[in-house]
Amino acid sequence: MSAARPPAPPLKASGLRRHHALMARFAAGPAPEAVALGDSLAAGWPEPDLAAATGLATRNLGLPGDRVQTTRWRLAAMAAFPLRPRLAVVMVGTNSFADGDAPEVVVAGLAELVAGLRAAWAPPAIVLASVPWRAAPPGRSEADRLALNARIGDLARRQALGLLDCDAAFRPDPATGLDADRLHLNARGYAWLGAALASLLRTG
């Protein structure tokens, strides 16, 4: 497997400010029973909807613009908080995909992220989301996205993770779950994801 990109802070100053705001909110408590980590697709998932899907008090720690290596960097910064969440939901990878990272590099980073989660907070359950359908970025194709998702599925099986299969959740017409930019999710998309997550957690 190719080496993962090393952890790196947010690319923009606005992202770093938002990260610090999330840290301050974290410090103020109360400690959540579940956490969600990742990029803008995670960040846009309303906390009440996440809580309804998980059945747990859930804190959304998503940050727009995150790459896999950014989420790893932010987790290392948050690891000092002595949390013991029962569940972690990880949804990151679409920006790394758009950057042109090879599937092996993205998945190696996700494996490191999962290891970091286990070392920091030891959640008994971790759910890893695949990359939802999106308008193909320059230089990438739908076949590239599907190849990445196949490797994410393999990682989930190897590591005994729950797999939130976004392609299955968004059938038959994934475009109707996205905003006009054909990247970010709309209310329908989050409703589909919530139903898929709730079903996954019920059935294991």
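Here is our conversation about the labels and the values behind them.

Modeller: First, this is a predicted model, where local features need pLDDT of at least 70 and side-chain atom pairs count only at pLDDT 80 or more, while totals for chains, interfaces and linings use all residues. Residues are numbered from 1 along each chain as its sequence is written, and side-chain values use heavy atoms, with hydrogens and water left out.

Biologist: Thanks! Why is Asp101 called buried?

Modeller: Buried means under 20% relative accessible area, exposed means over 50%, and partly exposed lies in between (1.4 Å probe, protein chains only). Asp101 has a relative accessible area of 6%, so Asp101 is buried. This residue lies in the loop between α5 (94-99) and α6 (103-120). Helices (H or I, at least four residues) and strands (E, at least two) are DSSP runs, numbered from the N terminus.

Biologist: And what does Asp101 touch?

Modeller: Contact means heavy atoms within 4.5 Å. Leaving out residues up to four places away in sequence, Asp101 touches Arg5, Ser96, Val106 and Arg140.

Biologist: How do you know that the length of α6 agrees with its number of residues?

Modeller: The expected span of a helix is 1.5 Å times one less than its number of residues. The 18 residues of α6 should therefore span 26 Å, and its end C-alpha atoms are 25 Å apart, which agrees. Its buried residues, among them Val106, Leu110, Leu113 and Leu117, pack against β1 (34-38), α4, β3 (87-91), α5, β4 (125-129) and α7 (142-158).

Biologist: What makes a nonpolar core, and how many residues does the largest have?

Modeller: A nonpolar core is a set of buried Ala, Val, Leu, Ile, Met, Phe, Trp, Tyr and Cys residues joined through side-chain atoms within 4.5 Å. The largest has 31 residues, and Phe26, Met78, Leu110, Leu117 and Trp121 have the most contacts inside it. At least two residues of this core come from each of α1, β1, α4, β3, α6, β4 and α7, and α6 gives the largest share, eight residues. A second, separate core of 24 residues includes Ala36, Leu87, Val127 and Leu197.

Biologist: Which residues form the contact between α1 and α4?

Modeller: The axes of α1 (residues 13-28) and α4 (residues 68-78) come within 11 Å and cross at roughly 35 degrees. Here axes are lines fitted to C-alpha atoms, for helices over the stretch in contact, with angles from 0 to 180 degrees between N-to-C directions. Leu16, His19, Leu22, Met23 and Phe26 of α1 meet Trp73, Arg74, Ala77 and Met78 of α4.
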